[in-house]
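Here's a quick walk through this model. Have a look at the structure first, then read on.

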Amino acid sequence: YRRRIEAERDREKAMRQAAESQASIWQETEKKMRRDLERLLTQEEQRRRDVEMDRDKAHNQRRAAEVDMTVARQQLLAEVQLRREAEQKLSKSNFVKEEEWGASFQDTMFKIVRTLPQLFEYFPEC
């Protein structure tokens, strides 16, 4: 009878130890799972931040390119306007010179025409 009681106690003791070891295994597994989950969540959060940073960086680069293009466009327009103004000034000065030359040419032609009758006196009639 004692042996049976001792055997039963040994079985109960073994069952308690098995349950305790199983509980400790479950606790360790649960801890590992929590750590892994936290690590995954941290990695996912970091990925999300990286994606947002990349998106912001790309947006900033596009904005910078747009600003650069706008500045380049404005510089080009200013350059074209300066060239036009310079051409207008040059053409005005050339026009004034042409008028002066034209006036002097006309004066010279009038002088020649006025002197033609005198020149014709020296040509024999044909």
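## A salt bridge to start with

Asp36 pairs with Arg39 in a salt bridge, with their closest N and O atoms 3.2 Å apart. The term here means a side-chain nitrogen of Lys or Arg within 4 Å of a carboxyl oxygen of Asp or Glu. Asp36 and Arg39 sit 3 residues apart in helix H1, so about one helical turn separates them. Asp36 is partly exposed at 38% relative accessible area, and Arg39 is partly exposed too, at 47%. (Buried is under 20% relative accessible area, exposed is over 50%, and partly exposed is in between, using a 1.4 Å probe and protein chains only.)

A word on where this comes from: it's a predicted model, where local features need pLDDT of at least 70 and side-chain atom pairs count only at pLDDT 80 or more, while totals for chains, interfaces and linings use all residues. Residues are numbered from 1 along each chain as its sequence is written, and side-chain values use heavy atoms, leaving out hydrogens and water.

## The overall picture

The protein chain has 1 helix and 0 strands. Both are DSSP runs numbered from the N terminus: helices are H or I with at least four residues, strands are E with at least two. Of the chain's 126 residues, 0% count as buried.

The chain exposes about 12,800 Å², and carbon and sulfur atoms supply 56% of that. Accessible areas come from the Shrake-Rupley method with a 1.4 Å probe; for residues, only the protein chains shown count as cover.

The salt bridge count comes to 8. One of them links Arg63 and Glu66, whose closest N and O atoms are 2.9 Å apart. These two are 3 residues apart in helix H1, so again about one helical turn lies between them. Arg63 is partly exposed at 44% relative accessibility, as is Glu66 at 41%.

Salt bridges with shared partners also join Glu45, Arg48 and Arg49 into one network. Within it, the side chains of Arg49 and Glu45 meet at 3.9 Å, N to O. Arg49 and Glu45 are 4 residues apart in helix H1, about one turn of the helix.

## A nonpolar patch

Which residues form a nonpolar patch on the surface? They are Phe105, Met109 and Ile112, with about 270 Å² of accessible area together. Patch residues have over 30% relative accessible area and no salt bridge; like charges are joined within 9 Å, nonpolar side chains (Val, Leu, Ile, Met, Phe, Trp, Tyr) within 5 Å. Met109 lies in helix H1, residues 2–120, and is partly exposed at 36% relative accessible area.
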